[in-house]
Amino acid sequence: MTKGIGAFFMVVYVEYALIQNFLLDGALLYLSLKGARVAFQRRNLLFAAFLGAVFAIVYPLLVLPEFLKTVLKFAVGALLCLVAFGRVKSKNEWGRYALSCFFFYLFTFVFGGFLTALFKKGISPAYTVPVFAFLTPIFVKIIAFFYQKRAVEKHVYDCCIAYNKRSVRILGFLDSGNFARHKNVPVCFVSPELIYEL
């Protein structure tokens with residue numbers, strides 16, 4: 001009877017570990033694809049997360065030198081990104097895939113570092129999923145903010161505005177949607193502070 005109870009608890013633990021690692025790998029893969037700005041299919045992401053969860057269960061049972069175990073971790077991470085990414089057809093897609101791998105490793109280290117700092121005496125599995133659930137939306141917002149800022153900076157140029165022998169150097173935003181004209185001459189919009197300075 002004791003053996004049966006032990007087996008029962010072992011099954012529950014494995015199931016719990018599978019679910020936990022499935023959620024964690026899913027979050028990491030989601031963030032890595034978002035970071036690389038890849039349009040992905042949900043089924044590929046879920047299947048990759050499932051493979052990652054299975055690997056997390058099998059990994060402790062492997063008897064390998066530490067170096068090979070580390071190489072295997074990185075190799076499986078790249079494989080998970082490939083499964084989530086889908087078919088890679090062009091050179092540009094290979095670049096996006098490599099970027100998704102970079103973000104996968106980056107977020108893995110970031111989350112790992114955060115958990116290690118939070119639980120200095122040992123990472124508690126009970127809090128791992130809530131921490132991921134809390135941090136994932138924050139990182140999604142950070143990624144969106146980064147790309148939005150990058151998109152704006154692409155249209156920002158050094159400008160010099162001169163009037164009555166005075167000139168001011170500023171940063172100007174090239175607005176492709178601005179069709180304002182005065183006497184058939186394109187109009188630039190400036191702030192009241194800049195007009196006062198001129």
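Mentor: A disulfide is a pair of cysteine sulfur atoms within 2.5 Å. Keep in mind that this model is predicted.

Trainee: How many disulfides does a search of the whole structure find?

Mentor: Take Cys 81 first. The nearest cysteine sulfur belongs to Cys 101 and is 4.1 Å away. The cut-off is 2.5 Å, so Cys 81 is in no disulfide. Searching the whole structure gives a disulfide count of 0.

Trainee: Which cysteine sulfur is nearest to that of Cys 160?

Mentor: Cys 160 is in no disulfide either. The distance to its nearest cysteine sulfur is 8.8 Å. That sulfur belongs to Cys 159.

Trainee: Is Cys 81 buried or exposed?

Mentor: Buried means under 20% relative accessible area. Cys 81 has 1%. It therefore counts as buried.

Trainee: Where in the pattern along the sequence do the strands come?

Mentor: The chain has 6 helices and 4 strands. Along the sequence they read α-α-α-α-α-β-β-β-β-α.

Trainee: What radius of gyration does the chain have?

Mentor: Start with the box: the C-alpha atoms fill roughly 95 × 40 × 30 Å along the principal axes. A compact globule of 198 residues would have a radius of gyration near 16 Å. The chain has 26 Å.

Trainee: What share of the residues counts as buried?

Mentor: The chain exposes about 14600 Å², with 68% supplied by carbon and sulfur atoms. Of its 198 residues, the buried share is 26%.

How values were computed. Residues numbered from 1 in each chain as written. Predicted model: local features only at pLDDT ≥ 70, side-chain atom pairs only at ≥ 80, totals over all residues. Heavy atoms only, no water. Buried < 20%, exposed > 50% of the residue type's maximum accessible area, 1.4 Å probe, protein only. Helix = DSSP H or I, 4+ residues; strand = E, 2+ residues; numbered from the N terminus. Rg over C-alpha atoms; globule rule 2.2 N^0.38 Å. Areas by Shrake-Rupley, 256 points an atom, 1.4 Å probe, with all protein chains shown as cover.
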